[in-house]
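Me: I'm new to this one. Can you put it up and walk me through it?

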Amino acid sequence: MLTLKHITKKFKDKTALNDVSLELDPGIYGLLGPNGAGKSTLMNIITGNIRPTEGKVLWDGADIRELGGRFRSLIGYAPQQQGLYNSFSGRRFLSYMAALKGIPKKEVSSEIERVLSYVNLQEAADRAVGGYSGGMKQRILIAQAILGEPKLIVLDEPTAGLDPKERVRIREQIKELSGDKIILVSTHVVSDITPIAKEILLIRSGNVIDRDTVESLCRKYGESRDLEEVYMHIFGEEEHHAADSF
Ligand SMILES: Nc1ncnc2c1ncn2[C@@H]1O[C@H](COP(=O)(O)OP(=O)(O)O)[C@@H](O)[C@H]1O
Ligand SMILES: [Mg+2]
């Protein structure tokens, strides 16, 4: 169980997260909101990469700051910024990540084969990551996130920049991960997450304004049958501005 207690994050005078409290049990959650809403900041705090200004994150009741290395081995994280080692082969990238995660040496090679086969990259595994397509890069990022079978998987916009076919493929791969894990996936594309999410967390300007099943959200906001309409109803204006700024 993952618990966020009164998480606030300020960057100088900018409040990126404003008193967010959440409890998540196993399942797939979609973190949905426009650019700048605070999705990446929230994910960086959950994974312990940045410290909140206020509040804490608990794993099964224990502060992740106190769990330290033990928490590291429980989580898998695919960041939004692709910090990929372009000259590395896929296999070498995974073995480097396995070492960083402290996966026991004896298990590394079988674990790498497991995650490669999971994301269907066995055949490309010895080619340089720099030559991969956008979809393949996202898949190798997911592969490193699931090394060591973490109980908490955090994927920051895993479908960004992908074509429709790849988006579906990534979505199906995330769906297969579920089981006893907590999986948090951020996106600003509604259809990437609605078919697989147990619940959607709506985030706007640093506030998690609601969390519920797709069905309930549709009922709550304007008796719409389609979360896309709900999203436009809530975020339409902001999405418009975000699009304008490109
Ligand atoms: N390192 C940082 N320094 C200053 N401001 C930041 C930093 N990271 C994020 N922000 C600001 O915090 C807000 C939330 O950003 P972010 O979490 O990246 O949103 P999202 O992932 O939903 O697009 C934005 O206004 C962004 O400009
Ligand atoms: Mg982001």
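Me: Leu94 first: buried or exposed?

Reply: Leu94 counts as buried, because 25 C-beta neighbours lie inside 10 Å. A residue is buried if 20 or more other C-beta atoms lie within 10 Å of its own, exposed if 12 or fewer, and partly exposed in between, with C-beta atoms placed from the backbone. This is a predicted model, where local features need pLDDT of at least 70 and side-chain atom pairs count only at pLDDT 80 or more, while totals for chains, interfaces and linings use all residues. Residues are numbered from 1 along each chain as its sequence is written, and chains are lettered from A and ligands numbered from 1 in the order in which they are written.

Me: Where is the place of Leu94?

Reply: In helix H4, residues 90-100. Helices (H or I, at least four residues) and strands (E, at least two) are DSSP runs, numbered from the N terminus.

Me: And what is Leu94 in contact with, leaving aside neighbours within four places in sequence?

Reply: Ile112, Val115, Ala143, Gln144 and Leu147. Contact requires C-beta atoms, placed from the backbone, within 7 Å. Leu94 and Val115 are 21 residues apart in sequence, and their C-alpha atoms are 8.9 Å apart.

Me: Ala143 is on that list. Which residues touch the most other members of the largest nonpolar core?

Reply: Ala143, Val154 and Ile183, out of 65 residues. Such a core is a set of buried Ala, Val, Leu, Ile, Met, Phe, Trp, Tyr and Cys residues joined through C-beta atoms within 7 Å. Domain 1 and domain 2 both give residues to this core, so it lies between them.

Me: What does Ile183 touch, not counting residues up to four places away in sequence?

Reply: Ile28, Tyr29, Ile153, Ile174, Leu177 and Ser178.

Me: Which residues make up domain 1 and domain 2?

Reply: Domain 1 takes 25-38 + 46-53 + 68-74 + 151-246, and domain 2 takes 85-150. The bounds come from an automatic or database domain assignment. Their centres, taken over C-alpha atoms, are separated by 24 Å. Domain 1 puts 14 residues into the contact and domain 2 puts in 11.

Me: Which elements each supply at least two residues of the side of domain 1 that touches domain 2?

Reply: Strand E7 (152-156) and helix H7 (164-177). H7 gives the most, 4 residues.

Me: Switching to ligand 1. What surrounds it?

Reply: Phe11, Lys14, Ala16, Gly33, Asn35, Gly36, Ala37, Gly38, Lys39, Ser40 and Thr41. A residue is near a molecule if its C-beta atom, placed from the backbone, lies within 6 Å of it. Strand E2 (14-24) and H1 each give two or more residues to this shell. The largest share, 3 residues, comes from H1.

Me: Why is H1 largely enclosed by the rest of the structure?

Reply: Because 8 of the 8 residues of H1 (residues 39-46) are buried. Among them are Lys39, Ser40 and Thr41. After H1 comes Gly48, whose phi is positive, near 80°.

Me: And E2: what is the strand order in its sheet?

Reply: E2-E1-E4-E5, in an open sheet of 4 strands with antiparallel pairing. Two strands pair if DSSP finds at least two bridges between them. E2 and strand E5 (62-63) stand at the edges with a single partner strand each, so one side of each is left without a neighbour in the sheet.

Me: How many bridges pair E1 and E2?

Reply: Strand E1 (residues 2-11) and E2 pair over 7 bridges. Thr3 has Glu23 in E2 as its bridge partner.

How values were computed:
Contact = placed C-beta atoms within 7 Å.
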